[in-house]
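Let's take a walk through this structure together. Have the sequence and the 3D view at hand as you read.

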Amino acid sequence: MIVTIDGVAASGKSSVSSGVAQALGVPYVSSGLLYRAVTLLGLEAGADLAQPGALLPLLSGVRLEPLASGNRVWNAVHDLTADLHSTRVDTGVSVVAALPEIREWVDAQLRALPAPLVAEGRDMGTNVFPHAPHKFYLTASPRVRAERRARERPEDIPAIEAALTERDRQDTTQSAPAPDARIIDTGPLTLQGVIDTILEHLR
Ligand code: C5P
């Protein structure tokens, strides 16, 4: 069984997916972490983030470790996970995610993982796992999402909201909900409320 949970930036996808995966006793994978890892390695190498030919050779040691409690991304023996949510990675990641060659590489990593799993991202239900039997799509207003993210970042809410809105714009192509996805507005719900809503649908 595969459950897909897609949604806009900072809609709570990772926390919700982790909670759902733990309740089901299966691993979850965050596809955004792979796009973020490519971005980080590109930035560290001083590569042009718009050139797949400069990025693909950096990826041979990159591996996603799916865990119910939180995924980790490794580059050979180095755990990159803690460095993947910086503002500079946020700013560059949409450029990297727009490259078809990089999307193919990420999709191949994800499709190689054994089911059951919960897969979280933008195009899990539309593109990577179109035959998944259970699909969800999380939304919330830009202000609600910025307020949530402000608890994790040392920036003010209007700046975060502007950056999120810009990232939504850049991600529009790959962020449409699957026609058979259940759309959940997480604005009025607590984290546990969203998890319970999904678990109820799965029962
Ligand atoms: O989900 P998260 O915000 O960590 O994703 C980071 C970025 O990775 C997104 O802004 C988007 O550009 C890209 N992404 C994507 N497709 C996915 C997951 C993430 O294009 N399935």
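This is a predicted model: local features need pLDDT of at least 70, side-chain atom pairs count only at pLDDT 80 or more; totals for chains, interfaces and linings use all residues.

Residues are numbered from 1 along each chain as its sequence is written, and side-chain values use heavy atoms, with hydrogens and water left out.

So where does the ligand sit? You'll find the ligand in the largest pocket. A pocket here is an open set of points on a 1 Å grid over the protein atoms alone, where a 1.4 Å probe fits, with protein on both sides within 12 Å along at least five of seven lines. To "sit" there, a molecule needs more than half of its atoms within 2 Å of the pocket's grid points.

Around the ligand are 17 residues, where being near takes a heavy atom within 4 Å. Arg 36, Arg 103, Arg 167, Asp 171 and Gln 174 come nearest. Sorted by class, this shell has eight charged, five polar and four nonpolar residues. Here Asp, Glu, Lys and Arg count as charged; Ala, Val, Leu, Ile, Met, Phe, Trp, Tyr, Cys and Pro as nonpolar; and the others, Gly among them, as polar.

Helix H2 (31-45), helix H4 (87-97) and strand E6 (117-121) each supply at least two shell residues, and H2 gives the most, with four.

Now look at some polar contacts, meaning pairs of N or O atoms within 3.5 Å. Asp 171 has a side-chain N or O atom 2.6 Å from a ligand oxygen. For Arg 36, a polar side-chain atom is 2.7 Å from an oxygen of the ligand, and for Ser 31 one is 3.0 Å from a ligand nitrogen. On its own, the ligand has 450 Å² of accessible area, and the protein covers 97% of that; such areas come from the Shrake-Rupley method with a 1.4 Å probe.

On to the strands, which pair if DSSP finds at least two bridges between them. Strand E1 (residues 2-7) runs parallel to strand E7 (residues 134-139), joined by five bridges, and Ile 5 stands opposite Phe 136. E7 is also parallel to strand E8 (residues 182-185), through four bridges, with Tyr 137 partnered by Ile 183.

Elsewhere, an open antiparallel sheet has three strands in the order E3-E4-E5. Its edges are E3 (62-65) and E5 (78-79), each pairing on one side only.

Finally, the backbone details. Most residues other than glycine have a negative phi, and most peptide bonds are trans. Ala 10, however, has a positive phi near 60 degrees, and Ala 115 and Pro 116 are joined by a cis peptide bond, with omega about 5 degrees.

Note on methods: A polar contact is a pair of N or O atoms within 3.5 Å; within protein, one must be able to donate a hydrogen and the other to accept it, and residues adjacent in sequence count only if both atoms are side-chain atoms. On a 1 Å grid over the protein atoms alone, a cavity is a set of points where a 1.4 Å probe fits but cannot get out, and a pocket is an open set with protein on both sides within 12 Å along at least five of seven lines; lining residues have an atom within 4 Å of a point.
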